[in-house]
Amino acid sequence: MEKRFVYADNAATTPVAAEVLNKMMPYLTGEYGNPSAGFYTLGQRAKAAVEEARKQVAEVLGADPKEIFFMGSGTEADNFALRGVMHSKQVKGKKRLITTKIEHHAILHTAEALANEGYDVVYLPVDNYGVVDIEALKNAINEDTALVSVMAANNEIGTIQPLKEIADICHDRGVLFHTDAVQAFGHIPLNVKELGIDLLSLSGHKINAPKGVGALYIRSGLMPLPIITGGGQEKGRRSGTENVPSIVALGEAARIKGERMEREAAYVRSLSKRLQEGVLSKIPQSALTGHPENRLPGNSSFVFSAVEGESLIMNLNIEGICAATGSACSTASLDPSHVLMSIGLAHEVAHGSLRLTLDVQNTEEDVDYIIEKLEKILDRLRKMSPVWEE
Amino acid sequence: MEYSSKVMDHFTNPRNVGEIEDANAVGQVGNLKCGDIMKIYMKIEDDVIKDISFKTFGCGAAIATSSMATEMVKGKTIKEALQLTNSAVVEALEGLPPAKVHCSVLAEEAIKAALANYYKEQGIDPTPIIGCTGNCEHCHNHD
């Protein structure tokens, strides 16, 4: 196949959709009003645009628009959920926060910071597919537990968590439930009322809106303590002049995802299926990581024996393919990804990990090109590997 | 990782890859758990490294340092090869990111491990000649 550019790292970020850009453009140009400046129409129009976006995001989640609060990123939403709830008066001094070993660093490092403040943080184990251990959750909830935070779907291996089951357990025990849905929002159905979610974090740039905008769904009645104080925007929950163009973009991107989710997910899932079947049948000593069925439509994560992930993605880059790895050598710490360790992979297996995340702009030709190049690269790297055995 | 163009050159077109069938000096350092293993093959005649090759499992820097280190000692005497330092390899590659400097240490150790094997095969204790022979520095980040 002729050389092409294939972006297969959509879990890292996505391109801004043309229709999203069109929708936000006026707010980058003529419609520059401050939503708080309500005495003139320019400001009123900006305010209306933000409220329209709030409605659009709420609709996809089955939430009330009053329950959506715009933030600067998914990471900020996670920080606000964890710190805001643990610090709020509503939890009545309860000190335990329960989360999992496979969360994104936005959760893990925030939980660590809370532990340093004296909070009691428990990290739940997961099984070999990356599904949270429900018995461990039941055992971890005690009288002192304020909040449980479990991601909706994992960024590395794509495994989707049983959110309804987790939420029910939390509510039976009078505990709040937060989910980091940065990877899942817009890609799989998430109805906060049906699932029983109290707080949910989401991000714009994973659904074709720009970077630097996110939102937190906060169930009506909850009062997490703000982490950013100031002019009292977002009903005092998140001060700072609203990022109107990006909020408009997030709203539009959410609306599009809500409308097309079923069709898009089916398409992306068929591409991933083609990729997984192709890789596993053509490349010896390869395996899929994460849950075989219950996974994000676009996620294909693999491990290959006798090769190292960084040299794999560097070679893919030379062929025009953008991909990711959880290999130790791709990080400054020289430790393989905590997710791959938590699902029970040995260090030497985790070193050969590759994550390919597809989305709507990808095609079958992209998939076939990836398989062809991957086969060639693995053959070359394995031939120069002292540990390769056929 | 930001690599120099020299590293990318040696990563993309590694020199001296493979095995030498009649090698009389073979050394391997590193381990799978750490994520990099280097194996060096040499054909030594009259104290001169006539031929050299490598096989490496590892990241871009591991492959590039293996390639560069073999280039630097090819055709040299054992004495000259023993003077190869990891910083000389880094310099020849126009620098390595700090997290990758250990790869150059591994390359130096792989050369020494092969030379140690050469002496051992002749019944000579390599320690007084070579000193540390591999895995001295590597992988201290792990248990």
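This is a predicted model: local features need pLDDT of at least 70, side-chain atom pairs count only at pLDDT 80 or more; totals for chains, interfaces and linings use all residues.
Residues are numbered from 1 along each chain as its sequence is written, chains are lettered from A and ligands numbered from 1 in the order in which they are written, and side-chain values use heavy atoms, with hydrogens and water left out.

The C-alpha trace of chain B spans about 45 × 35 × 25 Å along its principal axes. Six helices and three strands were assigned to chain B, where helices (H or I, at least four residues) and strands (E, at least two) are DSSP runs numbered from the N terminus. Read from the N terminus, the order of elements in chain B is α-β-β-β-α-α-α-α-α. Of the 143 residues in this chain, 55% count as buried, a class defined by under 20% relative accessible area, with exposed meaning over 50% and partly exposed in between (1.4 Å probe, protein chains only). Contacts (heavy atoms within 4.5 Å) between residues of chain B at least 6 apart in sequence join residues at least 24 apart in 61% of cases. Chain B has an accessible surface of about 6200 Å², with 44% belonging to carbon and sulfur atoms; areas were computed by the Shrake-Rupley method with a 1.4 Å probe, and for residues only the protein chains shown count as cover. The 13 positive and 20 negative charges of chain B have mean positions 1 Å apart. In this count Lys and Arg are positive and Asp and Glu negative, while His and the chain ends are not counted; each charge is placed at NZ of Lys, CZ of Arg, CG of Asp or CD of Glu.

Strand E2(B) (residues 36-45) pairs with both E1(B) and E3(B). Two strands are taken to pair if DSSP finds at least two bridges between them. Seven bridges link E2(B) in the antiparallel sense to strand E1(B), residues 25-31, and Gly27(B) has Ile40(B) of E2(B) as its bridge partner. Four residues lie between these two strands in their hairpin, in which Gly35(B) takes a positive phi near 95°. Pairing of E2(B) with strand E3(B), residues 48-57, is also antiparallel and comprises nine bridges, with Asp51(B) of E3(B) as the bridge partner of Lys43(B). The hairpin of E2(B) and E3(B) has two residues between the strands, and Asp46(B) in its turn has a positive phi of about 50°. Strand E2(B) is mostly covered, seven of its ten residues being buried.

Buried residues make up 60% of chain A. Among contacts between residues of chain A at least 6 apart in sequence, 72% join residues at least 24 apart. Chain A exposes about 15400 Å², of which carbon and sulfur atoms supply 52%. The centres of its 40 positive and 50 negative side chains lie 5 Å apart.

Within chain A, strand E2(A) (residues 68-71) directs Ile68(A) and Phe70(A) one way and Phe69(A) and Met71(A) the other way, and all are buried. This strand runs antiparallel to strand E8(A), residues 214-218, to which four bridges join it; Ile68(A) has Tyr217(A) as its bridge partner there.

The loop between helix H3 (74-86) and strand E3 (96-100) of chain A holds Ser88(A), which is buried at a relative accessible area of 7%. Residues up to four places away in sequence aside, Ser88(A) touches Met223(A), Pro224(A) and Leu225(A). Lys92(A) belongs to the loop between H3 and E3 of chain A and counts as exposed, with 73% relative accessibility. Although not a glycine, Lys92(A) has a positive phi of about 55°. Gln285(A), likewise not a glycine, has a positive phi of about 50°. Most residues other than glycine have a negative phi. Gln285(A) lies in the loop between helix H8 (244-282) and strand E9 (286-289) of chain A and is partly exposed at 40% relative accessibility.
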